[in-house]
Amino acid sequence: MKVSKSQAILRLYSALAKEKNIDKKIMIKELNLSNITFNRYLAEIRSYLERYEPNYVLVYRRHNDLYVLKEKGAVEKPLG
């Protein structure tokens with residue numbers, strides 16, 4: 001089943017809100033997105049955060065291909 005743009009963005013945001021991170025490869029496969037579309041949707045989420053949730057920022061962790069929702073000024077803790 002094809003996922004609409006709004007459904008895909010909401011799914012990404014929901015995963016970030018619940019899990020505090022999303023795996024790029026898993027989400028691209030789950031939502032059947034291209035890399036470019038995935039990046040555009042994350043840009044929409046970043047824009048939303050800047051405007052409505054300015055205490056949060058979306059950070060990319062290149063070493064494990066994760067996007068992490070962080071509170072600004074929070075101390076970075078190493079993962080697992």
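Helix 1 (residues 5–19) and helix 2 (residues 24–31) pack at an angle of about 145°, and their axes lie 11 Å apart. Axes are lines fitted to C-alpha atoms, for helices over the stretch in contact, and angles run from 0 to 180 degrees between N-to-C directions. Helices (H or I, at least four residues) and strands (E, at least two) are DSSP runs, numbered from the N terminus. In this contact (heavy atoms within 4.5 Å), helix 1 supplies A8, R11, L12 and A15, and helix 2 supplies M27, E30 and L31.

The model is predicted: local features need pLDDT of at least 70, side-chain atom pairs count only at pLDDT 80 or more, and totals for chains, interfaces and linings use all residues. Residues are numbered from 1 along each chain as its sequence is written, and side-chain values use heavy atoms, with hydrogens and water left out.

Three strands form an open sheet in the order 1-3-2, with antiparallel pairing. Two strands pair if DSSP finds at least two bridges between them. Strand 1 (21–23) and strand 2 (56–61) are at the edges with a single partner strand each, so one side of each has no neighbour in the sheet. From one strand to the next, the twist averages 20°. Strand 2 pairs with strand 3 (residues 66–71) over six bridges, and V59 has V68 in strand 3 as its bridge partner.

Two helices pack on the sheet as follows.

| Helix | Strands touched | Angle between directions |
|---|---|---|
| Helix 2 | strand 1 and strand 3 | about 70° with strand 1 |
| Helix 3 (residues 35–52) | strand 1, strand 2 and strand 3 | about 150° with strand 2 |
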